[in-house]
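Morning, everyone. I have one structure to go through today, and I will keep it short. Please have the sequence and the view open.

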Amino acid sequence: MKKVIVVTFRMEGFHCWPNAKGDVSYLKDRHRHMFHFRCEKEVKHNERDIEIITFKREIQSYLVKKFGNVTC
């Protein structure tokens, strides 16, 4: 049976859609979303290959580096 650790968390993100038109033109302005994550990592034994909080922090750090802040 596959062994996994699971982390769940939320992160706030901001963006805008400069070309929004019509009834969604308000999306031209910077606005917030709450993103919900559920991430799994396979482990090889019951003594964690990686600490759960470390796993979560690594994912969050990656997301910030990858997507950063959007300026509008």
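Start at Gly68, which comes just after helix 1 and takes a positive phi of about 50°. Before going further, note that this is a predicted model.

Now go back into the helix itself. Helix 1 covers residues 52-67, 16 residues in total. From first C-alpha to last, helix 1 reaches 23 Å, close to the 22 Å expected at 1.5 Å a residue.

Which residues of helix 1 are buried? They are Phe55, Ile59 and Leu63. Looking down the axis of helix 1, these buried residues fall within an arc of 70°, so they line one face of the helix. Turn to the other side of helix 1 and you find Arg57, Val64 and Lys65, which are exposed.

What covers the buried residues of helix 1? The cover includes strand 1, residues 3-15, and strand 2, residues 31-43.

That brings me to a residue in strand 2, Phe35.

As for its partners, set aside the neighbours within four places in sequence, and Phe35 is in contact with Phe9, Arg10, Met11 and Gly13.

Note on methods
Residues are numbered from 1 along each chain as its sequence is written. This is a predicted model: local features need pLDDT of at least 70, side-chain atom pairs count only at pLDDT 80 or more; totals for chains, interfaces and linings use all residues. Side-chain values use heavy atoms; hydrogens and water are left out. Helices (H or I, at least four residues) and strands (E, at least two) are DSSP runs, numbered from the N terminus. The expected span of a helix is 1.5 Å times one less than its number of residues. Buried means under 20% relative accessible area, exposed over 50%, partly exposed in between (1.4 Å probe, protein chains only). The arc is that of the directions from the helix axis to the C-beta atoms. Contact means heavy atoms within 4.5 Å.
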